Amino acid sequence: MDFVLTEQQELIRKEVATLARSFAPDYWLEKDRKAEYPWEFVKAFAAGGWLGIIIPEEYGGSGLGVTEASILLHEICAAGAGTSGASPIHFYVFPPMPLIKHGSGALKRRYLPRIATGEIVMSFGVTEPNAGTDTSRIETRAERRGDGFVVHGRKVWNTNARQATHMLLLARTAPRDPARPFTGMTLFFAEFDRSKITVREIEKMGRAAVDSNELFIEGLEIPADNVVGEIGRGFYHLLDSLNPERILTAIEAVGIGRAALERAVQYAKERVVFGRPIGQNQAVAHPLALAWAKLETAELMTMKAAWLFDHGRPCGAEANSAKLVAAEAGFDACDAAVQTHGGYGYAKEFHVERLWREIRLYKIAPISQQMVLNYLSEHVLGLPRSY
Amino acid sequence: MNIVVCAKVVPLSSVTIQIDPATKRMVRKDVSQELDPQAAKAVEEALRLTEKQGGSVTVVVMGGDDATIGIRGALAMGATAAIHLSDPALAGSDALGTAKALAAAIRKEPFDLVICATESSDSYTGLVPGQLAQLLGVPPLTFATSLTVEGRTVTIKRQSEGGYDVVTSELPVLVTVTTGINEPRYPTLKGIMGAKKKEIRKYTAADLGLGPAEIGESGAREKVLTVGRPPARPAGTVIKDEGQGGKQIADFLANLKLI
Ligand SMILES: Cc1cc2nc3c(=O)[nH]c(=O)nc-3n(C[C@H](O)[C@H](O)[C@H](O)COP(=O)(O)OP(=O)(O)OC[C@H]3O[C@@H](n4cnc5c(N)ncnc54)[C@H](O)[C@@H]3O)c2cc1C
């Protein structure tokens with residue numbers, strides 16, 4: 001067993017940290033306040049070739065794995081960028097994955113090189129208002145018409161839609177069969193045609209810089225060539241997005257937790273009350289020490305899941321567990337950081353409140369903590385399905 | 001134009017440097033290393049020159065096995081090739097021993113220009129470049145805040161009290177560059193991927209024709225006698241602004257003949 005990063009991974013870690021830290025905390029405060037997309041940040045990462053990290057070399061990327069993408073996103077978050085910095089970048093990793101794994105040669109040639117450069121901006125259209133976590137009940141339908149498909153339906157929580165040029169879209173191509181509920185859905189790599197898709201932004205608790213939206217899709221035409229993988233097997237192809245998404249959001253939670261912890265530790269050393277640094281009180285120190293230990297543990301689980309995925313092994317249990325423990329560890333670290341700062345933890349200029357608001361997301365999305373526990377109960381422990 | 005850059009690999013700037021009380025040397029074992037940010041400026045300057053007029057950039061690094069991360073860092077920035085002087089016999093070399101090892105390696109290369117940082121950001125002696133120029137038999141142009149090459153003529157600007165000096169020389173020459181000379185590029189992911197494929201040539205002391213009389217602890221003529229903390233600075237003067245703050249600051253500076 002080898003827990004040491006390779007020299008190349010170490011270099012990636014260091015260079016991403018340097019680039020990400022060149023965007024000061026005030027940059028993110030400003031983006032959050034103005035609800036402005038962090039284009040400068042995304043463009044800096046595009047210029048460094050980082051957006052092509054998992055795109056195969058033959059299509060203009062670097063052909064690395066979810067392991068390296070995890071290192072990338074960890075350093076972005078540890079630098080203090082939060083989900084505001086992580087979300088725009090992770091859309092270059094998990095939405096293209098099914099295309100890489102299951103797309104036709106023509107589809108890959110057409111889109112992957114433009115994803116690698118950042119020219120294509122993607123969104124991920126799975127969740128629906130009337131289906132929620134039960135993906136098999138999505139109602140958006142794609143009907144065969146001539147040489148292609150025409151899509152009608154609604155999506156919700158579609159992140160990045162305001163800037164998206166393309167969307168990975170899951171739609172029903174056959175009615176739900178209760179015996180095989182996850183078949184009959186198809187995955188499309190669709191151009192984001194704004195004459196057929198109405199975007200309505202949702203105001204939310206955190207990450208104002210990166211939009212999440214309701215989509216109303218009316219008559220979106222998609223050529224048959226833009227089906228990713230097999231018709232009717234879209235959900236199974238989508239798993240190659242969902243597992244990396246869990247792994248990446250887990251490592252983001254770890255990174256955000258570390259950014260908050262770093263600030264809290266610094267503050268605990270400097271802030272003097274009752275004639276001593278507050279960090280000398282165990283009631284202040286222990287939550288920070290505990291946060292450190294939990295973040296380390298969550299990182300191990302996450303990197304194991306990434307390793308499994310990159311080696312083509314089943315990783316559902318590990319990716320889900322990583323998301324579960326990392327969301328918890330990251331949230332606890334941010335909460336301890338706010339508490340350590342006392343009143344100033346509530347003030348924007350100390351930055352931990354933004355991280356606290358942002359990290360709350362990971363207990364809900366991309367999959368809720370309860371649904372992870374459902375998955376583990378049923379698929380790992382073999383307990384009867386509860387719902 | 002063939003450029004050789006002498007680069008040091010040093011503990012990460014975020015690491016608090018520890019001194020081993022027994023050897024009085026910096027503890028480098030189990031400490032994360034990186035290409036010295038000062039050396040990165042020398043690499044950057046070399047890359048800018050060769051991007052304009054063609055040629056190669058060879059990075060020479062003397063250091064332990066864990067220095068390769070910093071060497072790959074220089075290759076990731078775009079250096080053409082790298083030479084790693086790595087041998088337990090080199091450990092403990094003083095500045096002159098280091099200069100001898102670097103000179104021996106550089107003599108094996110066709111070179112027009114050698115670029116060094118003015119000093120490394122871990123030990124700050126600033127001795128090696130001058131010694132190296134002497135050993136290579138080329139003029140040293142030091143403290144460059146800018147560097148240009150036209151044909152075979154090298155021109156640097158060197159900060160001086162009242163402005164700057166312009167110093168020129170014919171190639172071959174050794175130039176030391178200062179911190180302000182440039183902002184080094186960030187290696188791209190493609191650069192990092194490419195660095196893995198570039199060869200790092202390794203030389204031992206024997207390859208360099210150097211023995212214990214010249215290098216390592218035994219060859220060192222400098223001896224570190226003690227290492228201590230600098231004396232604490234006296235407390236500063238606090239000026240409270242009660243309407244007269246600006247004037248008080250001006251008076252203070254005028255007193256020191258700074259304005
Ligand atoms: C900021 C943000 C960005 C997002 N971005 C995207 C995106 O880009 N693309 C996309 O497709 N989706 C996105 N999502 C959607 C996200 O994946 C879903 O919100 C999440 O999966 C939960 O689904 P839901 O909101 O419909 O909750 P529901 O399914 O309505 O669940 C509500 C609550 O009930 C619980 N619950 C439901 N059923 C059970 C059960 N059987 N047992 C126990 N508990 C249960 C859930 O855990 C949850 O706590 C985003 C969400 C947010 C908040």
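Biologist: In which sense do strand β7 and strand β10 of chain B pair, parallel or antiparallel?

Modeller: The model is a predicted one. In general, strands of a sheet pair through backbone hydrogen bonds, in either of two senses. Here β7 (residues 140-150) and β10 (residues 173-177) of chain B are joined over three bridges, and B:Leu141 stands opposite B:Val175 in β10(B). The sense of the β7-β10 pairing in chain B is parallel.

Biologist: Which strands stand at the edges of that sheet in chain B?

Modeller: The open sheet has nine strands, in the order β9-β8-β7-β10-β6-β1-β4-β5-β11 (chain B), with mixed pairing. Each edge strand has a single partner, so one side of each is left without a neighbour in the sheet. The edge strands of chain B are β9 (163-170) and β11 (200-203).

Biologist: Why is α10 of chain A largely enclosed by the rest of the structure?

Modeller: This helix covers residues 316-340 of chain A and reaches 36 Å from its first C-alpha to its last, close to the 36 Å expected. A residue counts as buried if 20 or more other C-beta atoms lie within 10 Å of its own. The helix α10(A) is largely enclosed because the number of its 25 residues that are buried is 20.

Biologist: Which elements of chain A give two or more residues to the shell around the ligand?

Modeller: Of the 21 residues around the ligand, those that come nearest are A:Val126, A:Gly132, A:Thr133, A:Trp157 and A:Ser368. The elements of chain A that give two or more residues are β1 (122-125), β3 (148-159) and α12 (369-380).

Biologist: How many charged residues does the shell around the ligand have?

Modeller: The shell has 10 nonpolar and 10 polar residues. Its charged residues number one.

Technical notes
Residues numbered from 1 in each chain as written. Chains lettered and ligands numbered in written order. Predicted model: local features only at pLDDT ≥ 70, side-chain atom pairs only at ≥ 80, totals over all residues. Helix = DSSP H or I, 4+ residues; strand = E, 2+ residues; numbered from the N terminus. Expected span 1.5 Å × (residues − 1). Buried ≥ 20, exposed ≤ 12 C-beta atoms within 10 Å, placed from the backbone. Near = placed C-beta within 6 Å. Nonpolar A, V, L, I, M, F, W, Y, C, P; charged D, E, K, R; others polar. Pairing = 2+ DSSP bridges.
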